[in-house]
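I opened my notebook to look up a few things in this structure. Here is what I wrote down, entry by entry.

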Amino acid sequence: MEELPGGRRPRLVSTLGLGQRSWEVTLDAERGWLAWRDPRPPRRRGGENYFVPTSEIIAVEETELNEKQRNIGRWQKMAKPHAFTVYYVKKDRNHRWRCGDVTFSCVDEYLYDQWMQALKQLLEMQRSRPKHLLVYINPYGGKRQGKRIYEQKVAPLFSLASISTDVVITEYANHAKDNLFEVNINKYDGVVCVGGDGMFSEVMHGLIGRMQKDSGIDQNNPKAPLVQCNIRIGIIPAGSTDCICYSTVGISDPVTSALHIIVGDCQPLDVSSVHHNNTFLKYSVSLLGYGFYGDTLKDSEKKRWMGPMRYDYSGLKTFLSHHYYEGTISFQPAKHTLGSPRDKDSCRTGCYICKKSEQQLAEQHKERGLKHEEDEEEWKVIKGKFLAINSVNMSCSCPRSPKGLSPAAHLADGSADLILVRKCSRLDFLRYLVRHRNQHDQFDFSFVDVYRVKSFQFTSKLSEDNESNVTVIGKKRFGQFCRDHPACCCNIANSTWNCDGETLDSSAIEVRVHCQLMKLFARGIEKNCNDEAAYSQSSVEQSL
């Protein structure tokens, strides 16, 4: 055990057995990595250096070497070796994580004890890791594989990481939401939902609702400052699309998500509240869609017997119908954000824009108070005919649409991207939809506008006269309508709002974005995930 100057943490350097050879193994707590180096000259085959960040070590266990492992090389002539196995995150391509392991051995019992103690102390220092989780499993979502996925792929990993769990198999819609209002939530380090986006929404509503209830906040007040939810939510994907998991991790894979939970990752997430006439309707973290996506969801709900294929069928049917809807949209630009929906850079792990935008938003609240959202000069109004109105808090990417609805949307900058697709030809609309699946700029159309907003209100033409309470601000500014979007009475039928995969009864809504209202067991999409967790690094070689 080497003591480093300046009172820094010591590092452990030893020669340990790995396979049939001796390797130089280093545990450097100061730099935060475990490394092992093949001491053979680089010109010979196999001269390699490997390392894993200590933050991604899952567990360490005593290991009993079998007879074949012990009767090789020098171990055959020496005393019985002591061995330990280190389990760690092994990164594969396309953001996929796996549980890797490496087994080291030595004949010196004191040295063995040193390593076991050092590694266990290191794991105990990982304060952000959960010890006790509440798990909700939806046995009916997606392909009805939630229970099997958890028991076969996730539970063994939680057990390996010494995480205890209380598991609830949901029996009816909103079971998890109702249960979260009753349990002693303070004894858990996090809540895990096994299912699709609907299951996540249920858990989210339960947690946020419970937090507001305990804090005496009226959720029906659209201007109420909501209390942040500090308990993290983990998502084990087992649904049809798993958009939220894909947009925050980069892949819909149960093992990858389980490992993000184990290492204690934390990703803040913006949440939009949706109200109608001072009545709370829903929270949204991904898509609020009116027109095309609302009609598609409404039609697909009648065909659940078709399974995931129903979305393709209903989407084609809605596209061919080519309905457009007239209405008024009023919104507040998100002036505190640094980015733009037309940026080329996407939100990634440790996003600078999210951190800076949060700071600037906090400064605005401090300087101007909560009344700043009612300032008259900050609102803009557009009236017109729309094929689709979409508001997204994240990119909404998925395997079918790797870029999502808004590629540059940020997870935690206190804003949403408002996308207005005005009436156009069926061919032009098809060109717009196709761009969700390629690398071209999907906003580069004359009939598409996109704005980064912190709140907005919408009223359809049909309900303007009957639902005036929602559009008080908009009606004050009817003289400010953009001349590019003239009013017309050609099609006054109402569409349905698609709120994270659930329909809303009212077409007239008021939406407000709450900056970083909740947290996930995730770290955002990493910039480079094409290397394995243990890989060659010249910097490690120099340190060794």
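**Entry 1: one aspartate.** I began with D312 and asked how accessible it is; its relative accessibility is 38%, so D312 counts as partly exposed. This is a predicted model, so I keep in mind that I am reading computed values. I found D312 in helix α9, which covers residues 309-321. Next I looked for a partner and saw that the side chains of D312 and R400 are joined by a polar contact of 2.3 Å. I also checked D312 against S300: they are twelve residues apart in sequence, and their C-alpha atoms are 8.8 Å apart in space.

**Entry 2: the nonpolar cores.** Which residues have the most contacts inside the largest nonpolar core? I found Y136, F200 and M518, in a core of 64 residues. Helix α5 (residues 197-215) gives this core its largest share, six residues. I noted that domain 2 (128-266 + 521-526) and domain 3 (270-360 + 376-514) each supply at least three residues to this core. Another core, of 27 residues, lies apart from it, and W97, I163, A238 and I261 are among its members.

I then went back to M518 and listed what it touches, leaving out residues up to four places away in sequence. My list reads F200, M204, C229, I233, Q267, P268, L269, V271 and V285.

**Entry 3: salt bridges.** Side chains of opposite charge can pair when their charged atoms come close. I wrote down a count of 23 salt bridges for this model. I looked up E24 and R37, whose closest N and O atoms are 3.0 Å apart. E24 sits in strand β2 (residues 21-28) and R37 in strand β3 (residues 33-37), so I marked the pair as a link between distant parts of the chain, 13 residues apart. R37 counts as partly exposed because its relative accessibility is 22%.

Is D28 buried or exposed? At 0% relative accessibility, D28 is buried, whereas R31 is partly exposed at 47%.

Entry 4: My last pair was K91 and E56, which meet in a salt bridge of 3.3 Å, N to O. K91 belongs to strand β6 (residues 82-91) and E56 to the loop between β4 (49-53) and β5 (57-63), so this pair ties together parts 35 residues apart in sequence. Both K91 and E56 are buried. I finished by tracing a network of salt bridges that links E56, K91, D265, R523 and E526.

How values were computed: Residues numbered from 1 in each chain as written. Predicted model: local features only at pLDDT ≥ 70, side-chain atom pairs only at ≥ 80, totals over all residues. Heavy atoms only, no water. Helix = DSSP H or I, 4+ residues; strand = E, 2+ residues; numbered from the N terminus. Buried < 20%, exposed > 50% of the residue type's maximum accessible area, 1.4 Å probe, protein only. Polar contact = N/O pair within 3.5 Å; in protein donor to acceptor, adjacent residues only side chain to side chain. Core = buried A, V, L, I, M, F, W, Y, C linked by side-chain atoms within 4.5 Å. Domains from an automatic or database assignment. Contact = heavy atoms within 4.5 Å. Salt bridge = Lys/Arg side-chain N within 4 Å of Asp/Glu carboxyl O.
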